[in-house]
Amino acid sequence: MARLNKEKPYLLRLFDIKKFPIDMARILIGPWILLAYRVKVVFPSKEAKKSLHYKHGVMVTSNHITLHDPFVVGSAFWRRRMFYLVGEFIMKLPVRGFLLKLAGCIKVDRHTADLEAMRNVSAHLAAGDLITVFAEGGITHNTDLGKYKDGAALMASYGNVPIIPVYFRKRKHWWNRYKVAVGELIYPKEILGTAEPSIPELKKVTDVVWQKTKDLEALV
Amino acid sequence: MNREEIFSKIGILYCRVMGKKELPAGTGESSSLKEDLGLDSISTLYLVLEIEREFGIKFENQVLTSFVTVGEVEDYIAEKLKLGR
């Protein structure tokens, strides 16, 4: 399985029975979401355009201003299945939790060392999935980029996958288009120069991701 | 592997994870993970992943939040490795 996945990463993921509910949601609800948010994706460079078409395991880190954000970021990466890290308090309610799980949400307890979430994310990244993390750790309600937490850097480094920084602002009116800035792929291994980084070194990755996201502000 | 070796290995992994040259002075089995060693949720998670890799064991998510001291982690590893006190 792992060998096949390596040889044909995209084709294999295209027909995955375990991800059938997500695919159904994408087919049935996806077009309405694309229509409602009408996302325009902008890039700081030609190299950054490759981020949208990256076909292997990757983490997307974004700012978080409203409850609409998963749909906004999802619209930018509509070509791929997306999995989101969601706070456990949101997934606590049985029906909502079940539906969110079906839609590809991964429960994470932000206040403790959540080993289960880490294992889930690692498994998804190894399978070549795209995981979205709102790295500020919650909704900030404003466009000033808050401090990023180190979880995304740890997960990306441990899974040996790149990070795509994303930034967008709240639209003024409901009829306006969302403008989403997508940055270049950031490889933690290139920043760290080691496969076994320490926590202070991981903070460097977080700082680079934060700075690259901050640089995207000028584009939107 | 005896308990001293487990403690020593935890110490080495701690230093590597936290980017320190040595354990804080006076670190022993009764040292608190949070107050004495300064481990937050991310560093605890990272340390546990490294311990799992080093010892070839799997931690359960529920027990992770119950650890307060180094000795409790040591006990858990010893139990998983079927070592007595």
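Let me begin with how α1(B) and α2(B) sit against each other in this predicted model: their axes, which are lines fitted to C-alpha atoms over the stretch in contact, come within 10 Å and cross at roughly 130°. Angles here run from 0 to 180 degrees between N-to-C directions, and since under 35 degrees counts as roughly parallel, over 145 as roughly antiparallel, 65 to 115 as roughly perpendicular and the rest as oblique, the two helices are therefore oblique to each other.

Where they meet, with contact meaning heavy atoms within 4.5 Å, α1(B) contributes residues including B:Ile10, B:Leu13 and B:Val17, and α2(B) residues including B:Leu47, B:Ile51 and B:Phe55. By class, that contact has 10 nonpolar, one polar and five charged residues.

The largest share, four residues, comes from α2(B), and the lining divides into 12 nonpolar, one polar and no charged.

On conventions, residues are numbered from 1 along each chain as its sequence is written, and chains are lettered from A in the order in which they are written. Local features need pLDDT of at least 70, side-chain atom pairs count only at pLDDT 80 or more, totals for linings use all residues, and side-chain values use heavy atoms, with hydrogens and water left out.

How values were computed. Nonpolar A, V, L, I, M, F, W, Y, C, P; charged D, E, K, R; others polar.
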